[in-house]
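Me: I have a structure open that I have not looked at before. Can you go through some parts of it with me?

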Amino acid sequence: MQIQKPMKAIQSIISVVVLMTTLGCSQQYEAVNTVQVALPNQEKFRLILGGTDVGGMLVNRNAENIIIDYSYSNNGRGSSSKEVLKLSDTGLPIDWRITGKTVFGNEVDEQFSLQDNMAYWQSTAEKGSAKFNNSAIYIAQNASPYALYIYATALLEKTSHSLSALPSGELTITQVDKVELKGISGVLVNATIYAINGIELDPSYIALDENQHMIGYLSPRAVVIREGLEQQSKILSDLAASLNASRFEKIAKKTTHLYEKPVRINNVRIFDPVNMKLTDSQSVLIEKDKITAIEPLVDIPKEGEILIDGNGGTLIPGLYEMHGHMSDNDALLNVMAGVTSVRDMGNEIEILDPLIEKIESNQIIGPRITKSGFIEGKSEFSAATGEIASTEQEAVDLVNMYGEKGGYFQIKIYSSINGEWVPAMAKAAKKHGMRVTGHIPAFSTVDEMIAAGYDEITHINQGMLSWVLDRDEDTRTLYRITGMKRFVDLDLNSEKVQNTLNTMVEENIAVDPTIVIHEFGLTARNGKTRIGTKDYIDNMPVGVQRQAKVGLLNVADQEEDKAYQLAFDKIIETLALMHKKGIFLVPGTDLGGAFELHRELELFKKIGMSNVEVLRRASYDMANYLGYGDQLGSIEVGKLADFFLVPGDPTTDLRAIKTVSMVSKGGVIYFPSEVYPEFGIKPFTTIPTIVESN
């Protein structure tokens, strides 16, 4: 399914993933002037994703309104919207209508208006009203990237460079950099980069020219840029990556605890994944990156040690997110959630390798990353991720490239690959010691891919669709989603289903089901807080809370609603049958991990696992599956110190893993309650007491 964070960014500027309360850039710039040159009647922009032009934005002005048309298409999916916007004399929205559809087809119908000094708004997430005193700006939920320009110009008019936000919160703007861009005619354009904070967890970056007109929106992967400057998009994406890196490096420097003395975690019960039980209260000693002793409790710090009081809580081996697409913010938030290891399921080499290097040198906070080599076929539905092949030979060459580069656990095959190429790709992968996983390529079946050399199936729907779709139905399109309605009538005792499952058992085929993303897609509805977020959503910024009330799909009527709900029930039933048969299931989210992985593990209980079995699967079993069992997966003397502390007992209530008070990754200590305020997240626990010996 693959919902990546950059896709959220392009669908709606307010759907980025992480908010900063202070910008991670120390440069100071002089105050800027407001717009001096009239805006043109028409502006054109292109959307560049991963170096590929995937869409555009057209802005027209008349005497009363700004009309914005925005659309893009990527990976067999697309989003489109039309906005009609009216501004006050001070640049604040006073009437705003947005219609269209989201990337997975959910209908957009959002409106903001003023009536008798009252502001009214309604969207898929909410409706509300407030007194309007001409000093608050409405933050649209489904706006195009041009909304950032509206916010920026209004903020720059204010001496404080801040505005109250509707429905709540505050927006601020900070100038963070300058860069020179060259247009196709050779004309130089001086761009000033601003960060707008207060919308989501991340700052949003916008580039303005000398006249304070919009040049573009920039992020590490997605850039919306003025027509004629498309060749400069990489400069802006690299700059966004640099700004992100600077921010996350500052957070790491501020919140990373790398003690020179041995650290003793005292008064903790340890979850033993081998015997699947808790120990009595003990203390765990860390020296450098390893566990050197597990001993009885102590009353005071031993000489030369630092003592962290576990206060009777539970120490759990670090969790594994087995379906990630890592970025700076995902990396940090996973560690804060006790996820110390991630299997990256597809990324650009130039993004992932520097990220790993920075994590390993403690420049930024992040998990241990296991790499997958992403290979897609060239088509009108190609995903703008990883590497793309046009022929079988090119596909095999890409496999060999990953193999020769080294450090890849597997290759991941995507939907536009020709299924007939897979045997040759799998053969090449096995020669390099890499496993083979992926989607079921369009017009192929799960049985064919197992026979071709797959070791694992990515996403449970990919396998199940083989049982319900005709061969000519294209899973590169939304058939991969809407086709799941047919699961309702699927007979799991039928010959075709049983043949596949029995073959999977015989061939030792694993499944990466990503249950939580299917729960999101099939059961989330507009206006209702998504069930998987309820235990943490009140601690999140308002933008995240709003997004938790938006469904993924457009649901036409009650009949379709029921069909999607029953389709999810059939997925759970299928996975329960797989688990019963002994098919190995690995927990991953494709939603960024962190809090989402906690929900994924809750859903593993629905397929027949106990709390202790779930904890073992997410730690010990995954370490062994990926080949790290001699160093990770359990809290034992001699192993790397990857674990986290929670106040409660997850063996009796699995939800206890959601309140993490301390994390150790290789002996480096983090306290989430120190980190979360940097993102506008209200901490879940207090910081443990720390005592250093005299």
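Me: Which helix is K581 in?
Reply: K581 belongs to helix α14, which covers residues 558-581. Keep in mind that this is a predicted model.

Me: What does K581 touch, leaving out residues up to four places away in sequence?
Reply: Its contacts are Q498, L501, N502 and V505. With Q498 there is a polar contact of 3.3 Å between the two side chains.

Me: How far apart are K581 and N502 in sequence and in space?
Reply: They are 79 residues apart in sequence, and their C-alpha atoms are 8.3 Å apart.

Me: And how exposed is K581?
Reply: K581 has a relative accessible area of 28%.

Me: On to S494. Where is that?
Reply: S494 sits in the loop between α10 (479-482) and α11 (495-507).

Me: Is S494 buried or exposed, and why?
Reply: S494 is buried, because its relative accessibility is 16% and the cut-off for buried is under 20%.

Me: What lies 2.8 Å from a polar atom of its side chain?
Reply: That is the backbone oxygen of D491.

Me: There is another serine I wanted to check, S673. Where is it?
Reply: S673 is in helix α17, residues 672-675. At 11% relative accessibility, S673 is buried too.

Me: Which backbone oxygen lies 2.4 Å from a polar atom of the S673 side chain?
Reply: The one of T685. T685 is also one of the residues S673 is in contact with once neighbours within four places in sequence are set aside; the others are P683, F684, T686 and I687.

Me: What about α9, how many of its residues are buried?
Reply: Helix α9, residues 460-468, has 9 of its 9 residues buried, so α9 is largely enclosed by the rest of the structure. The buried residues include I460, M464, L465 and W467, and also N461, Q462 and S466.

Me: How do α12 and α15 cross?
Reply: The axes of α12 (residues 515-523) and α15 (residues 595-606) come within 8 Å and cross at roughly 95 degrees. That angle makes α12 roughly perpendicular to α15.

Me: Which residues make that contact?
Reply: From α12 they are I515, V516 and E519, and from α15 they are E596, R599, E600, L603 and F604. By type, 4 are nonpolar, none are polar and 4 are charged.

Me: Last topic, the largest nonpolar core. How many residues does it have?
Reply: That core has 167 residues, and those with the most contacts inside it are W96, Y146, Y151 and I196. Helix α2, residues 146-157, gives the largest share, 10 residues.

Me: What is Y146 in contact with, apart from neighbours within four places in sequence?
Reply: Y146 is in contact with E43, F45, M57, V59, R61, I66, I68 and M214.

Me: What is in the second core?
Reply: The second core is separate and has 19 residues, including L181, I193, Y205 and I215.

Methods
Residues are numbered from 1 along each chain as its sequence is written. This is a predicted model: local features need pLDDT of at least 70, side-chain atom pairs count only at pLDDT 80 or more; totals for chains, interfaces and linings use all residues. Side-chain values use heavy atoms; hydrogens and water are left out. A nonpolar core is a set of buried Ala, Val, Leu, Ile, Met, Phe, Trp, Tyr and Cys residues joined through side-chain atoms within 4.5 Å. Buried means under 20% relative accessible area, exposed over 50%, partly exposed in between (1.4 Å probe, protein chains only). Helices (H or I, at least four residues) and strands (E, at least two) are DSSP runs, numbered from the N terminus. Contact means heavy atoms within 4.5 Å. A polar contact is a pair of N or O atoms within 3.5 Å; within protein, one must be able to donate a hydrogen and the other to accept it, and residues adjacent in sequence count only if both atoms are side-chain atoms. Axes are lines fitted to C-alpha atoms, for helices over the stretch in contact, and angles run from 0 to 180 degrees between N-to-C directions. Angles under 35 degrees count as roughly parallel, over 145 as roughly antiparallel, 65 to 115 as roughly perpendicular and the rest as oblique. Ala, Val, Leu, Ile, Met, Phe, Trp, Tyr, Cys and Pro count as nonpolar, Asp, Glu, Lys and Arg as charged, and the others, Gly among them, as polar.
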